[in-house]
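Please keep the sequence and the structure in view while reading.

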Amino acid sequence: MDIARHIALIDELCFRPFPAEHGPPTGGAGGPGHFVAVLESSHGLRGGDQGERAVTVGQYEKYRDGLYERLATRWGETDPWNLQTVLLRTDEEEIPEPWAGLSARAGAAYLWEAAGTGRWVAVAVADRDETDEVRLLAVVTEQVPP
């Protein structure tokens with residue numbers, strides 16, 4: 001993992017104009033008011049060997065924690081945000097994107113309000129769907145977390 005490259009991308013997304021339509025920018029997805037960047041992907045590790053998947057999830061959690069350490073020095077320490085509660089709320093209420101989609105893919109995220117940008121930044125490991133690849137994600141949005 002190249003932490004410096006991932007931090008540079010997050011910084012860029014904090015100032016890049018949001019797309020007017022939903023679509024796939026380089027390395028992820030975007031839509032009105034948000035970006036979802038794939039920082040790392042297990043490329044093809046879907047289902048199959050659960051032991052290998054568990055190792056990959058553990059490694060991506062270490063990557064996420066490494067990003068947390070760097071971003072926490074900038075925007076402050078924060079506890080992990082439990083996305084399970086957000087996911088449960090999607091049954092009862094309209095949760096805006098990118099939060100609904102993130103809660104469907106990840107169980108926890110680190111979350112900050114990026115000072116001076118008017119944007120929120122989250123980093124998470126997307127591993128909920130055992131039939132899909134494991135991904136390390138960065139979300140940058142102007143949408144206040146629910």
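Strand β2 (residues 34–41) and strand β6 run antiparallel and are joined by seven bridges; strands here are DSSP runs of E with at least two residues, helices are runs of H or I with at least four, and both are numbered from the N terminus. Two strands count as paired if DSSP finds at least two bridges between them. Within this pairing, Glu40 stands opposite Leu136 of β6. Strand β5 (residues 119–126) likewise pairs with β6 in the antiparallel sense, over seven bridges, and here Ala122 stands opposite Val139.

The model is a predicted one: local features need pLDDT of at least 70 and side-chain atom pairs count only at pLDDT 80 or more, whereas totals for chains, interfaces and linings use all residues. Residues are numbered from 1 along each chain as its sequence is written, and side-chain values use heavy atoms, with hydrogens and water left out.

How many residues of strand β6 (residues 135–141) are buried? Seven of the seven are, so the strand is largely enclosed by the rest of the structure; buried means under 20% relative accessible area, exposed over 50%, and partly exposed in between (1.4 Å probe, protein chains only). Arg135, Leu137, Val139 and Thr141 point one way from β6, while Leu136, Ala138 and Val140 point the other way, and all of them are buried.

The aromatic rings come next. Seven aromatic pairs are found in a search of the whole structure; rings of Phe, Tyr and Trp (its six-membered ring) pair if their centres lie within 6.5 Å, with planes under 30 degrees apart counted as stacked, over 60 as edge-to-face and the rest as tilted. The pair of Phe18 and Phe35 is tilted, because the ring centres are 5.1 Å apart and the planes stand at 35°. Phe18 lies in the loop between α1 (3–13) and β1 (28–31) and Phe35 in strand β2, so this pair ties together parts that are 17 residues apart in sequence. Phe18 is buried at 18% relative accessibility, and Phe35 is buried at 3%.

Trp81 and Trp99 form an edge-to-face pair, with 5.2 Å from centre to centre and 80° between the planes. Since Trp81 belongs to strand β3 (residues 81–82) and Trp99 to helix α4 (residues 99–105), the pair ties together parts 18 residues apart in sequence. Trp81 is buried at 16% relative accessibility, as is Trp99 at 0%.
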